[in-house]
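Subject: Structure for your review

Dear colleague,

Please find below the structure that I am handing over to you. My notes on it follow, and I would be grateful if you would read them alongside the coordinates.

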Amino acid sequence: MSENKKTCYVTTPIYYASGNVHIGNSYSTIVCDCFARYNRLKGVDTFYLTGMDEHGLKIEEAAKKQGITPQELVDKVAGETKALWKNLNITNDDFIRTSEKRHSEKVQRIFEKMLANGDIYLGSYEGDYCVSCEAYFTKTQLGEGGTCPDCGKPTRKVKEEAYFLNLKKYSDRLLDFIETHPDFIQPESRKNEVVSFIKSGLEDLCVSRTSFTWGIQVPSNPKHVIYVWIDALSNYITALGYDSEDDAKYQKYWVNGDEVVHVIGKDILRFHAIYWPIMLMALDVPINFKLYVHGWYLMKDGKMSKSRGNMVYPMDVASKYGLDALRYYLISQMPLGNDALFTYDRFFEKFNTNLANDLGNLVSRTISMINKYFLGEVKKPTKDYFSFDKELEDLTEETINKYHEAFSAFRFQNGIISVWELIGRANKYIDETEPWVLAKDPEKRDALNSVMYHLYEVIRNVAMMINPVMPDASSKIATYLNTNIDFSLLGYGKIESNKVVEKCDALFKRLDIEAELKALDAAKEASEVKEVFKDEITIEDFAKLDLRVGEVLEARKLEKSDKLLVLKIKIGNSVRQVVSGISKFYEPSEMVGKHVVVVANLKSAMLRGEKSEGMILAASTDDKLEVIEVKLPSGSKVS
Ligand code: ME8
């Protein structure tokens with residue numbers, strides 16, 4: 001970090017407005033908050049932006065399922081997310097929403113500008129699209145069975161007239177930029193990943209959609225909506241007032257800014273390290289940002305997901321064990337770039353060891369000793385009394401240096417480790433100096449005062465250093481010590497004399513880990529809904545069904561219905577028409593050729609004017625559906 005840094009602009013990814021934020025993605029927001037708070041304490045003029053990614057097919061479909069409009073859905077989720085950040089003590093200066101006019105009108109101008117200068121052109125696209133990730137994939141990128149390589153869900157075949165962003169044109173310039181800016185992507189391993197991706201050859205990026213409407217329209221061709229990533233990435237400059245009359249923030253924090261940091265998770269690296277800088281080149285906007293790419297918080301059983309039932313939400317933890325404990329855990333357990341584990345066992349262990357014992361006890365013991373031996377007063381000693389005095393003084397200074405080095409480079413875990421080494425050293429210092437022995441000897445009053453002063457100074461410095469991570473605990477300690485959180489006071493020996501509070505509450509009350517784990521298990525069990533089955537049937541009842549394998553010969557969408565497909569199915573030597581409610585999950589072309597299971601003796605019915613002679617079997621969850629496929633020839637019996 002340049003010591004003369006005057007401004008800092010830090011951003012989180014803008015979260016999809018499709019669901020609740022869990023502790024994994026709240027990590028990005030908490031870690032950015034930590035960086036913003038640290039910079040403000042350093043006197044740097046800091047602007048912290050977060051927000052919501054509100055467009056795209058995923059949102060449109062989620063709204064449809066809930067029976068509300070996309071705007072209603074995003075308003076609801078944005079309201080909940082803003083409230084969450086407030087509860088988590090997040091100090092963002094702005095919250096950008098991509099459905100806001102201040103954003104969307106600038107995105108339209110951004111698109112038209114790239115179109116006018118030829119970096120965006122009209123073509124046509126046929127490919128495999130993942131709705132969940134809002135991304136197209138080439139055949140070679142697809143996973144097993146045509147699944148999305150990022151999230152593993154099935155992709156869909158889509159063909160449409162579309163606009164493309166010319167990535168090829170900028171590929172060499174981008175490689176050159178990455179090589180000449182070694183700090184651009186951190187950590188290094190992520191940079192290498194990007195470089196090899198670019199070197200493997202960039203395809204032009206499809207940047208518009210016609211298959212849905214919930215997005216920002218291309219002004220000159222309104223049947224197209226702008227690709228959600230072009231829309232979303234632009235937030236980093238639209239929020240600052242780029243391309244508007246009031247662009248003071250854009251000029252100050254972006255164009256002339258000293259440090260611009262985008263914090264992202266590893267899964268959205270390509271978008272930020274390739275598409276975003278290329279967009280900026282095409283717009284002639286300076287690329288002066290750095291990317292800090294973090295890993296993921298994983299659970300014992302892997303990725304957090306609703307279907308695994310292992311989701312943990314930040315307020316579950318914060319409301320029970322305190323916000324600072326949650327922030328401490330998330331910040332201290334993840335080294336930049338690697339994944340980390342969240343388990344309640346480990347969280348409780350860290351809570352008791354690092355917070356209640358190491359930090360909490362140091363503070364409460366020190367305050368109580370200063371009161372007991374000196375009626376709450378500490379005075380700077382005129383000399384050292386023990387060999388460990390100098391050691392503790394030097395370690396305090398050394399820790400402050402390491403702390404700055406780590407925090408300014410976004411290596412928060414390293415900074416926290418150093419601070420806890422100092423805390424550990426101070427606890428050891430109490431055992432070494434044995435204040436309770438010194439107190440018995442009136443001749444050792446000065447030495448005892450010196451011990452108290454050393455402890456006071458360590459705690460005072462610790463309180464300041466942990467402030468960005470644990471703002472509440474830090475302010476409490478500062479109040480106990482009758483001092484301020486002010487970085488100009490960092491350093492050993494900056495206070496001549498002071499009076500501490502008479503009594504202090506425990507900063508972190510030790511947890512009974514076994515009891516806590518039991519309570520969690522009980523709560524989980526109570527919340528689990530027992531599987532409910534339909535009334536029993538007999539084997540004779542079941543034998544009434546004539547289930548057969550059928551081959552889908554043709555498929556088409558039923559006009560005026562967004563749910564139904566009309567299928568021609570061959571069962572042995574007979575061909576049937578079946579109307580099936582699977583249109584949201586399958587394109588007609590995907591169904592052709594499939595061997596599915598058909599209830600062949602179902603009484604025929606008219607559905608929206610089309611005759612349906614049978615039913616195909618499918619498995620479904622709340623948001624997914626898969627038809628049951630077999631490999632045997634059509635006509636085969638299923639029982
Ligand atoms: O990707 N641990 O939004 P998003 C840590 N809208 N980080 C995690 C995580 C976990 N378990 N799970 C998710 C988007 N994340 C886009 C961003 S920016 C212009 C558009 C992180 O809500 C994930 O890596 O799916 C990403 O950085 C962030 O949460 C937002 O994810």
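A residue is called buried here when its relative accessible area is under 20%, exposed when that value is over 50%, and partly exposed in between. Please bear in mind throughout that this is a predicted model.

With that cut-off, helix α12 (residues 323–333) is a clear case: 11 of its 11 residues are buried, so the helix is largely enclosed by the rest of the structure.

Overall architecture

The protein has 639 residues, of which 54% count as buried. Its secondary structure consists of 21 helices and 27 strands. Taken along the principal axes, the C-alpha atoms fill a box of roughly 110 × 70 × 40 Å. The domain assignment gives domain 1 (7–294), domain 2 (360–499) and domain 3 (539–638). Between the C-alpha centres of domain 2 and domain 3 there is a distance of 73 Å. Among contacts with a separation of 6 or more, 74% are accounted for by residues 24 or more positions apart. The protein exposes about 29500 Å², and carbon and sulfur atoms supply 50% of that area.

The nonpolar cores

The largest nonpolar core holds 111 residues, and those touching the most other members are F342, F347, L359, W420, M452 and M470. Helix α13 (residues 344–374) gives this core its largest share, 14 residues. At least three residues of the core come from each of domain 1 (7–294) and domain 2 (360–499).

Which residues does W420 contact, leaving aside its neighbours within four places in sequence? They are Y328, N354, L355, D358, L359, I466 and M470.

I537, F542 and L545 make a nonpolar surface patch of about 280 Å².

S18 is found in the loop between β2 (15–16) and α1 (23–41). Its relative accessibility of 30% makes S18 partly exposed as well. Not counting residues up to four places away in sequence, S18 touches K58 and I59. S18 and E54 are separated by 36 residues in sequence and by 8.0 Å in space, C-alpha to C-alpha.

E193 belongs to helix α6 (residues 188–199). Is E193 buried, partly exposed or exposed? With a relative accessible area of 39%, E193 is partly exposed. From E193 to I287 the separation is 94 residues in sequence and 20 Å in space, C-alpha to C-alpha.

With kind regards

Note on methods: Residues numbered from 1 in each chain as written. Predicted model: local features only at pLDDT ≥ 70, side-chain atom pairs only at ≥ 80, totals over all residues. Heavy atoms only, no water. Core = buried A, V, L, I, M, F, W, Y, C linked by side-chain atoms within 4.5 Å. Buried < 20%, exposed > 50% of the residue type's maximum accessible area, 1.4 Å probe, protein only. Helix = DSSP H or I, 4+ residues; strand = E, 2+ residues; numbered from the N terminus. Domains from an automatic or database assignment. Contact = heavy atoms within 4.5 Å. Patch = residues over 30% accessible without salt bridge, like charges linked within 9 Å, V, L, I, M, F, W, Y side chains within 5 Å. Areas by Shrake-Rupley, 256 points an atom, 1.4 Å probe, with all protein chains shown as cover. Salt bridge = Lys/Arg side-chain N within 4 Å of Asp/Glu carboxyl O.
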